Amino acid sequence: MRSFQPPDDVEAIARALSPEPVKAIAELRKGNNSRIFQVDTRAGRYALKKYPATDNRNRLEAEVGALRFFERNAVERTPRIVAVSSELRYALFTWIDGDPVDAVTDTDVAEFAAFQIALDAAVDARARTEIGEASEACLSGVRIMSHIERRYAKLEAVKHDVPEFSSFFDDVLVPSLRRFEAEACEVYRRLGLDFTAEIAPECRTLIPSDLGAHNALRGADGKLCFLDFEYFGWDDPVTSIANFVMHPGMRLSGHQRAIYQSSLLSHFRRNAEADRLPALMPLYALRWCAIILGELLPERWQHRMLSNPAMGSWDEVRRQQINKARTLISRVQSYSSDS
């Protein structure tokens, strides 16, 4: 879906990066962060991506590093790099034709799992030195707690801005965090593991960190293609499972969550993943809740509006995000019965 014609600076950058003369440029439907443009030439089509400037993470560097890793290790069904302008925060990629993944099938879930396993199998020496941690990597229990607590601190400062949020924050989110932390620490103690220690480098893997239907296309052959690696990097294999099965934008059945989980647990047998996953899953769910509720923060909303001014009413978006967080919290208990 196109929105409006790009400004002149985008046209100039597209023409500078394209290997062939540009015939037409159109902005596609905007995301919440980066912006994507379709660039047509006589020889073919490309995707031009503009990365946000207001972010602590270098998204362009992360994605370009991921795609270079994929190309040299023949990881298929992902874009390839055509040209990069790090200074201007633009990258030009090969175009992937496909349709949105509106309904996720069991076969799709198996493909997502196979892609994550393929990334792990492709790890090479260069990746260990050239690629950094995934966005908000959860390499220890304490790291997960710090991610949640940092977001909670920001949310507490605005909890009275939306009437229904204050009680949800004080009566549900905060008590849940303390209870889930205590339960996870107890499981770690019984397993003889250190909740505060980071997992060893050899136990880590490379993950997209935001793997899901929203970052995939269905090709003409019915198989999935994978996009958007701005959060790519090293993390605990458990994070890949939790991020996927708890993703608030994914409508997965209990059976589908089990497909992904069992596939990865069968592959990753390095650091008690199967024992640690049930202990950490509730904390990952709270982390997702805190991410969802970031739309309540004025600075976050301004960032979203810069990328997509047509997002709608802030009041309505805030109510929607609170409802999503409530739904996700309710799934924490059902997870244990599905696993």
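**A pocket, a helix and a cavity**

Hi everyone. Let's start with the second largest pocket: the largest share of its lining, eight residues, comes from helix H2. This is a predicted model, so to speak of local features we need pLDDT of at least 70, side-chain atom pairs count only at pLDDT 80 or more, and totals for chains, interfaces and linings use all residues. Residues are numbered from 1 along each chain as its sequence is written, and side-chain values use heavy atoms, with hydrogens and water left out.

Helices (H or I, at least four residues) and strands (E, at least two) are DSSP runs, numbered from the N terminus. A pocket, found on a 1 Å grid over the protein atoms alone, is an open set of points with protein on both sides within 12 Å along at least five of seven lines; a cavity is a set where a 1.4 Å probe fits but cannot get out, and lining residues have an atom within 4 Å of a point. Volume here is the space filled by probe spheres set on the points, which are joined across faces, edges and corners.

Back to our pocket, then. Its volume is about 430 Å³. It has 22 lining residues, and those closest to its centre are Asn-58, Leu-60, Glu-61, Ala-62 and Gly-65. Helix H2 (59-72) and helix H4 (125-130) each supply at least two residues of the lining.

Now for the cavities. Which helix gives the largest share of its lining? That is H7, with three residues. Gln-116, Ser-240, Asn-243, Phe-244 and His-247 are among the residues lining this cavity.

Helix H7 spans residues 237-245, and nine of its nine residues are buried (under 20% relative accessible area with a 1.4 Å probe, protein chains only; exposed is over 50%, partly exposed in between). At the start of H7, a side-chain oxygen of Asp-236 comes to within 3.0 Å of the backbone nitrogen of Val-238.

Let me finish with Gln-116, which sits in helix H3. Is Gln-116 buried or exposed? At 0% relative accessibility, Gln-116 counts as buried. Leaving aside neighbours within four places in sequence, Gln-116 is in contact (heavy atoms within 4.5 Å) with residues including Thr-205, Ile-207, Ser-240 and Tyr-260.

Definitions and conventions:
A polar contact is a pair of N or O atoms within 3.5 Å; within protein, one must be able to donate a hydrogen and the other to accept it, and residues adjacent in sequence count only if both atoms are side-chain atoms.
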